[in-house]
Structures are given as structure tokens and as C-alpha cells.
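Subject: Structure handover

Dear colleague,

I am passing on a structure that I have been going through, and I would be glad if you could look at it alongside the notes that follow. Please open it first and keep it in view while you read.

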Amino acid sequence: MRALRVLRIGPSCTVQDRGRVGYLGQGLSQGGAADTLALAEGAALLRQDAGLAALEMAGIGGQFEASASMRIALTGAEMVATLDGTPLVWNASHRIEPGQRLEIGAAKRGVYGYLHVGGGFATHMQLGARAAHLVAALGAPVAEGDTLPVGAEVLPAARQVTGLGAARGGPVFRRGAAAGRKFPV
């Protein structure tokens, strides 16, 4: 099972997605990620659906260990981050291998930072979302010792270069397996 084990965690860290739509008439607000742009940026960095769940960290992150190889992205409020002691660039994607320790410290500026994983966090879905909505007693803060399941990673087709842009002075990118060539993702 692909998972991220929580070795240490800051207060108010929750799994969030875009929230629940359509329940306001029953008194339940949408909830979801506080910074929807950061949620979308992480999805773009990992080239996956923007509706997948990420870990929302309020002011400080924690320490995590992967059970399998996976891609991660770090977005939102910039926080100090290291992988086995090596500093990581924020607003970027990285690869983490089994047993490696990811440490996310305090925010340098801003409040909500996000840890995304390839395939998204596959926590229990309630009322159509994985987002914790603590006021409505849906979900709970992430706690030390938790194991957060990670969904199957579906990589989109590699981007391929075509000759169409040559007349304008540059390449045009398209999805697909044109000419059977493979490019790194």
C-alpha cells in the first residue's frame, strides 16, 4: 500500500481538497482548502487532477516517511523543507523514495502550505469529499502516528515536441506518443 507515515505533525494540519458542493441548503458550508490556488498549483506540478486531496499545513508542517516511491509537490506558504537533511525547493515537485524522511518546518511567510502526493491522499470520502471540515465533525486533524493512504499515481502521456512551431521560431508541445519517442517527465 502506498502511504505517507506521519512521524511528527504540527497543530491544525488536515487533509483538504476542493470541499463539498451542494450541501449549503442543509447547513453545511463547502469547506475545503483555504488556498485553492495553491491546491491547483500542486496538481499542475504533478500533472494530475486539481480535485485530489493534499495535506494543508497551518504555519508548520511535520516529519513524514514514504512507504513507496512517489512524487510530491510543495506549494502555498513557503516553509522550510528537507529530504533526509537536503534542502528542497518550494513551489516545485520532488521524488521521495521508501524510507526517506521528509521534514517540513515553519512557514517563512504566509500561513497555509500544502504537501501534495502523486495520486492524492486517499483518505475516507465523506459526502463527496476527502476534506476535513472540523466544525461539522467530518474528518479530523492529522495526528502523529497516522498513516495517510496515497492513491494510485496516473501519469499523463509525456509531452512530445512537434515541428509545427518551427515556423514561429519555437516548438509546440502536445500530448501523445507521436513517433514513439519518449521524453522524461
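At the start of helix H1, a side-chain oxygen of Asp35 comes to within 3.3 Å of the backbone nitrogen of Leu37. Please bear in mind throughout that this is a predicted model, and that every value below was computed from it.

To place that helix in the whole, the chain has 1 helix and 13 strands, and when you follow the elements from the N terminus on, they run β-β-α-β-β-β-β-β-β-β-β-β-β-β. Of the 185 residues in the chain, 41% are buried. If you take the contacts between residues at least 6 apart in sequence, 71% of them join residues that are at least 24 apart.

The helix

H1 covers residues 36–46, and within it Ala38, Leu39, Gly42, Ala43 and Leu46 are buried. Why do these buried residues line one face of the helix? Seen down the axis of H1, they fall within an arc of 140°, so they line one face. Just after the helix, Arg47 takes a positive phi of about 50°.

The open sheet

There is an open sheet of 6 strands, in the order E7-E6-E9-E4-E1-E11, with antiparallel pairing. At the edges stand strand E7 (86–87) and strand E11 (147–149), each with a single partner strand, so one side of each is left without a neighbour in the sheet. Within this sheet, strand E1 (residues 3–9) and strand E4 (residues 60–66) run antiparallel and are joined by 5 bridges, and Leu4 stands opposite Ala66 in E4.

The loop between E10 and E11

Leu138 lies in the loop between E10 and E11, and it counts as buried because its relative accessibility is 12%, where buried means under 20%. Leaving aside residues up to four places away in sequence, Leu138 touches Arg20, Leu28, Gln126, Leu127, Ala131, Ala132 and His133. For Gln126, one of these, the C-alpha to C-alpha separation from Leu138 is 7.2 Å in space, while the two residues are 12 apart in sequence.

Thr123 is found in the loop between E10 and E11 as well, and with a relative accessible area of 16% it is buried. Again not counting residues up to four places away in sequence, Thr123 touches Val15, Arg130, Leu148 and Pro149.

The pocket and the cavity

Which residues are the closest to the centre of the largest pocket? The pocket holds about 190 Å³ of space, and of the 18 residues that line it, Val15, Thr123, Arg130, Gly139 and Ala140 are the closest to its centre. The largest share of its lining, 3 residues, comes from E11.

A search of the whole structure also finds 1 cavity of 30 Å³ or more, and the volume of the largest cavity is about 50 Å³. Its lining includes Leu39, Ala43, Gln48, Asp49 and His116, and H1 and E10 each supply at least two of the lining residues.

With best wishes

Methods:
Residues are numbered from 1 along each chain as its sequence is written. This is a predicted model: local features need pLDDT of at least 70, side-chain atom pairs count only at pLDDT 80 or more; totals for chains, interfaces and linings use all residues. Side-chain values use heavy atoms; hydrogens and water are left out. Buried means under 20% relative accessible area, exposed over 50%, partly exposed in between (1.4 Å probe, protein chains only). Helices (H or I, at least four residues) and strands (E, at least two) are DSSP runs, numbered from the N terminus. The arc is that of the directions from the helix axis to the C-beta atoms. A polar contact is a pair of N or O atoms within 3.5 Å; within protein, one must be able to donate a hydrogen and the other to accept it, and residues adjacent in sequence count only if both atoms are side-chain atoms. Two strands pair if DSSP finds at least two bridges between them. On a 1 Å grid over the protein atoms alone, a cavity is a set of points where a 1.4 Å probe fits but cannot get out, and a pocket is an open set with protein on both sides within 12 Å along at least five of seven lines; lining residues have an atom within 4 Å of a point. Grid points are joined across faces, edges and corners, and a volume is the space filled by probe spheres set on the points. Contact means heavy atoms within 4.5 Å.
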